[in-house]
Amino acid sequence: MQKEVTVAVLMGGMSSEHDVSLHSGAGVVKALQAQGYTAVPVVISRTGTWRFFDDEPVSVCDAAARLRDLHVDCVFIALHGVYGEDGRIQGFLEVLGIPYTGSGCAASALGMDKVRSKAVVQQEGVRVAGHIAFGPKTWHDDADAVRARVEEELGFPCVLKTALGGSSVGVEIVQEVGAFADAMTRVFETGDFILVESFVKGVEVTCSVLDTDPETGIRALPVTEIRPLTASFFDYEAKYTPGATQEITPAEIEPEIAKQVQQIAVHVHHIVGCAGWSRSDFIIDDGGPVWIEVNTVPGLTETSLYPQACAAAGISYEKMVRLFVEAALSKNN
């Protein structure tokens with residue numbers, strides 16, 4: 001590098017994915033320092049205070065001044081979930097005029113909202129699981145009617161999840177109608193808007209997308225197959241416990257199916273408006289790929305899927321981080 005570049009790495013945050021984000025951020029800081037960047041670790045607490053290095057926490061207003069005083073060239077967003085992946089921090093940084101990694105406000109907000117992103121993607125001809133969405137008032141006003149609608153339109157088993165959740169926090173697979181009410185109670189503890197999906201039985205895969213080079217454009221990385229070993233599906237523990245899941249890259253699926261998955265992942269990246277990177281999750285059944293959701297800030301822990309896909313494509317962790325920073329800096333040129 002010709003000049004010293006200062007990168008603030010935001011991690012932690014106010015969502016249920018706080019701990020995962022801390023691991024992601026630590027990996028990014030280490031990779032940046034190894035390449036000669038000046039990395040500024042910034043931990044956002046669960047209550048919203050910001051701590052630079054090991055200093056005393058400050059309010060978000062004081063944090064804005066601190067970013068200015070540190071002459072930060074760009075911000076690496078290693079935050080997951082609400083208040084980090086949903087467009088809010090992106091808008092804050094845009095107001096401050098500081099370049100940042102990844103997708104902008106609109107794409108981040110859309111990608112975070114499973115209900116609305118599914119509607120947009122489905123409108124563009126992508127196959128998705130059958131689904132119903134509703135809030136607490138609908139459920140509390142007439143739970144029997146909701147249960148009946150789910151049974152009639154989706155059937156059992158079905159999948160319950162919060163519309164704005166991540167890392168499989170608050171996801172329940174309900175096997176029969178009698179277990180539906182108790183599952184709803186548990187899921188409402190993690191969010192106030194619920195998405196119920198048809199249960200799609202098949203092979204779980206994910207496809208990472210790299211979008212950092214204006215010359216080469218959007219590029220799909222090798223597809224990863226996900227085989228949980230200790231859980232019935234890819235839940236929080238399966239995602240972040242080493243050895244709990246077998247992750248195979250490239251996926252052991254038919255080449256034509258893998259190509260379809262990659263094409264859909266790139267298509268979704270484009271229509272949602274993602275930038276830099278994204279990762280789309282799928283289940284492959286007898287009819288082919290079923291798109292589940294897009295992640296605009298995928299995890300960067302030692303067990304995370306995006307770095308694995310990069311490695312399979314010949315891109316080291318350090319190079320991956322550098323590509324994201326360079327793409328962020330280019331936005332300001």
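Colleague: How many bridges join strand β1 to strand β2?
Modeller: β1 covers residues 6–12, β2 covers residues 38–44, and the two run parallel. These names come from DSSP runs numbered from the N terminus: a helix is H or I with at least four residues, a strand is E with at least two. Two strands pair if DSSP finds at least two bridges between them, and the number joining β1 to β2 is seven.

Colleague: Which residue in β2 is the bridge partner of valine 9?
Modeller: A quick note on the ground rules: residues are numbered from 1 along each chain as its sequence is written, and side-chain values use heavy atoms, with hydrogens and water left out. This is a predicted model, where local features need pLDDT of at least 70 and side-chain atom pairs count only at pLDDT 80 or more, while totals for chains, interfaces and linings use all residues. Now, strands of a sheet pair through backbone hydrogen bonds, either parallel or antiparallel. Across in β2, valine 9 has as its bridge partner proline 41.

Colleague: How are helices α1 and α12 oriented to each other?
Modeller: The axes of α1 (residues 18–34) and α12 come within 9 Å and cross at roughly 90 degrees. Ser24, Gly27, Val28, Ala31, Leu32 and Ala34 of α1 make the contact with Tyr317, Glu318, Val321 and Val325 of α12, contact meaning heavy atoms within 4.5 Å. Angles under 35 degrees count as roughly parallel, over 145 as roughly antiparallel, 65 to 115 as roughly perpendicular and the rest as oblique. That makes α1, relative to α12, roughly perpendicular.

Colleague: And α2 with α3: how far apart are their axes?
Modeller: α2 (residues 60–69) and α3 (residues 88–96) pack at an angle of about 50 degrees, so they are oblique to each other. Val60, Ala64 and Leu67 in α2 meet Phe92, Leu93 and Leu96 in α3. By class, that contact has six nonpolar residues (Ala, Val, Leu, Ile, Met, Phe, Trp, Tyr, Cys and Pro), no charged ones (Asp, Glu, Lys and Arg) and no polar ones (the others, Gly among them). The axes are apart by 11 Å.

Colleague: How many of the 10 residues of strand β13 are buried?
Modeller: β13 (residues 276–285) pairs in the antiparallel sense with β9 (residues 203–211) over nine bridges. Seven bridges join β13 to β14 (residues 288–295), also antiparallel, and β13 and β14 form a hairpin with two residues between them. Buried means under 20% relative accessible area, exposed over 50%, partly exposed in between (1.4 Å probe, protein chains only). Of its 10 residues, the number buried is nine.

Colleague: Is alanine 309 buried or exposed?
Modeller: Alanine 309 is found in helix α11 (residues 305–312). Not counting residues up to four places away in sequence, alanine 309 touches Ser208, Leu221, Pro222 and Thr249. With a relative accessible area of 1%, alanine 309 is buried.

Colleague: Where is proline 250, and what is omega for the bond joining it to threonine 249?
Modeller: Proline 250 has its place in the loop between β12 (245–248) and α10. The bond joining threonine 249 and proline 250 is a cis peptide bond. Its omega is about -5 degrees.

Colleague: What is the relative accessible area of histidine 71?
Modeller: Histidine 71 lies in the loop between α2 and β4. Its phi is positive, about 55 degrees, although it is not a glycine. Histidine 71 is exposed, with a relative accessible area of 63%.

Technical notes. Axes fitted to C-alpha atoms, helices over the stretch in contact; angles between N-to-C directions.
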